[in-house]
Amino acid sequence: ATLHHEWEISYQFKSPDCVRKLAVTINGQTPGPTIRATQGDTVVVRVSNSLLTENVAIHWHGIRQIGTPWADGTEGVTQCPILPGDVFTYTFVVDRPGTYMYHAHYGMQRSAGLNGLIIVAAAPGGRDAEPFAYDGEHDVLLNDWWHNSTYEQATGLASVPIRWVGEPHSLLINGRGTFNCSAAVAGTCDATLSECAAPVFDVVPGKTYRFRIASLTSLSALNFEIEGHPMTVVEADGHYVKPFVVDSLSIYSGETYSVLIKADHQDPTRNYWLASNVVSRQPGTPTGTAVLSYLGAPRGPPPTPPPAGRAWNDTMYRFQQSVATVAHPAHVEPPPPRADRTILLLNTQNKIDGRIKWALNNVSFTLPHTPYLVAMKNGLLGAFDQRPPPETYAHQTYDIYAVQKNPNTTTSNGLYRLRFGSVVDVVLQNANMLDANKSETHPWHLHGHDFWVLGYGIGRFDPAVHPATYNLRDPVLKNTVAVHPYGWTALRFKADNPGVWAFHCHIEAHFFMGMGVVFEEGIERIAELPPEIMGCGKTKGGH
Ligand SMILES: O=C1O[C@H]([C@@H](O)CO)C(O)=C1O
């Protein structure tokens with residue numbers, strides 16, 4: 001089937017956590033409407049930009065855009081931005097079942113509220129039928145939220161000295177959160193608004209529920225828990241996983257999971273909390289809450305305080321979940337046995353001209369405003385740096401535990417050209433930041449592909465040793481993966497989707513500060529580009 005959506009993007013006053021703020025909305029909503037489709041459907045979204053003075057672009061996160069590389073919605077990579085007053089139609093096929101998301105992909109606009117879920121059901125009777133059963137489903141979109149604007153955030157990040165975005169003011173569950181009104185500017189906060197009332201998820205005692213849990217946080221790694229209800233993880237980023245049980249789920253920005261819970265608590269006469277807590281950074285934000293409401297129990301908040309989550313610095317708990325996430329035995333798609341090319345990417349925080357940046361192999365990424373897709377297809381040389389970025393770094397000697405000033409850091413908008421059909425390994429190596437004893441978690445997201453997650457480690461990656469430990473038997477396919485503090489993560493993908501694809505840290509501030517790269521493959525196989533993606537930079541003529 002072909003599913004048509006009409007979306008108008010506009011600013012509206014919203015109070016997701018009871019504090020009034022301008023938000024970028026879809027048809028007046030944030031989060032936007034959930035797109036529900038069946039595997040094989042074509043989704044058509046006609047986007048009208050009514051933002052008056054701000055461009056927009058929308059990325060369909062986890063949708064590979066096979067044959068439609070111009071619909072990936074990544075400003076500067078696959079399209080020119082949609083201008084105020086303009087209309088742009090995204091058309092793409094949802095070829096796999098699972099839990100996906102969409103969000104703005106222009107500057108730091110995602111943080112302003114333009115986000116939502118895409119839920120794709122398996123084709124009935126197909127080979128991708130779900131290897132698990134449940135009685136009902138609930139969808140949970142997790143976010144973090146600030147009261148200052150994305151412009152303040154972006155300007156602060158580019159200032160000398162940096163004004164870091166800081167910890168979020170609140171954590172949202174399906175667009176609702178809690179802020180203590182006594183700490184808000186007078187007249188901006190109203191705790192009685194239904195708009196910020198905790199979401200309620202109804203369950204019938206004895207039944208099994210699938211919770212789809214997706215995170216589009218700007219910054220925060222989260223620990224998600226349903227009080228007193230162990231969760232069986234069954235899906236990650238649209239792929240079925242070998243079921244495993246957790247008391248609380250670690251989820252990074254850009255990831256989705258499905259978990260099964262049984263509404264079989266020994267006390268079904270009360271309600272329970274859904275709780276989202278910041279981990280991996282020292283928290284400064286109250287718990288995000290929602291209510292699991294047992295049929296027959298009195299409505300209203302549970303009698304217990306909301307769970308506080310795991311210790312924020314319990315890295316091993318999170319690491320173990322990463323390692324436990326492997327393909328479902330009946331849905332293993334084995335990776336190619338070896339790579340044609342291996343790119344080692346050292347993740348560092350660096351200073352350039354006094355500004356704090358993030359860099360890969362000492363190159364901090366800058367986004368060109370002539371989309372690569374058009375520039376490369378149409379031979380617009382000069383639209384970006386033609387020199388390829390480095391394939392590796394001094395991996396034998398680089399001390400990942402030390403503060404390294406890396407004085408030779410440069411900025412570049414060069415990209416990696418991949419041989420069409422080749423198998424590419426990327427090893428992401430984390431390191432110490434510019435502050436002593438500090439290394440953060442980075443969720444890396446690849447556009448246009450899923451990758452096999454071959455291995456994780458804590459410490460320095462050794463190309464002579466660690467590849468022998470890769471899981472080539474049943475690695476999970478994902479589109480977003482964590483690199484843990486001082487750790488490394490190895491992934492493999494096939495460069496078989498003609499287009500130009502961003503690969504970046506999904507922390508909004510970090511991509512803005514240069515934490516990304518771009519891959520091109522098979523550009524020559526793309527027949528013709530739709531003219532609607534053009535009209536900016538060197539694509540508008542007159543150059
Ligand atoms: O990129 C970042 O900058 C800050 C800090 O290092 C400088 O204020 C932080 O925690 C980041 O993740």
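**Domains and ligand**

Reply: Taken over C-alpha atoms, the centres of domain 1 and domain 2 are separated by 22 Å. This is a predicted model, where local features need pLDDT of at least 70 and side-chain atom pairs count only at pLDDT 80 or more, while totals for chains, interfaces and linings use all residues. Residues are numbered from 1 along each chain as its sequence is written.

Me: Which residues does the domain assignment give to each domain?

Reply: Domain 1 is 2-121, domain 2 is 136-325 and domain 3 is 333-540. Those bounds come from an automatic or database domain assignment.

Me: And how many residues does the contact take from domain 1 and from domain 2?

Reply: It takes 27 residues from domain 1 and 38 residues from domain 2. Two residues are in contact if their C-beta atoms, placed from the backbone, lie within 7 Å.

Me: Which strand gives the most to the side of domain 1 that touches domain 2?

Reply: That's β7, with five residues. Strands here are DSSP runs of E, at least two residues, and helices are runs of H or I, at least four residues, both numbered from the N terminus. By class, this side of domain 1 has ten nonpolar, twelve polar and five charged residues. Ala, Val, Leu, Ile, Met, Phe, Trp, Tyr, Cys and Pro count as nonpolar, Asp, Glu, Lys and Arg as charged, and the others, Gly among them, as polar.

Me: Switching topic: what surrounds the ligand?

Reply: Ile162, Trp164, Gln349, Ile356, Met433, Asp435, Glu440, Ala509, His510 and Met513. Near means a C-beta atom, placed from the backbone, within 6 Å of the molecule. That shell divides into six nonpolar, two polar and two charged residues.

Me: OK, strands now. Why is β14 largely enclosed by the rest of the structure?

Reply: Because five of the six residues of β14 (residues 231-236) are buried. Buried means 20 or more other C-beta atoms within 10 Å of the residue's own, exposed means 12 or fewer, and partly exposed is in between, with C-beta atoms placed from the backbone.

Me: What does β14 pair with?

Reply: It pairs with β15 (residues 239-246) in the antiparallel sense over five bridges, and four bridges join it, also antiparallel, to β17 (residues 256-262). Two strands pair if DSSP finds at least two bridges between them. Thr232 has Val245 in β15 as its bridge partner, and Glu235 has Ser258 in β17.

Me: What's going on in the hairpin of β14 and β15?

Reply: There are two residues between the strands, and Asp237 takes a positive phi near 50°.

Me: Last topic: is Ala375 buried or exposed?

Reply: Buried, because 20 other C-beta atoms lie within 10 Å. Ala375 sits in helix α3 (residues 372-377). Leaving aside neighbours within four places in sequence, Ala375 is in contact with Thr370, Leu380, Ala383, Phe384 and Lys538.

Me: And how far apart in space are Ala375 and Thr287?

Reply: They are 45 Å apart, C-alpha to C-alpha, and 88 residues apart in sequence.
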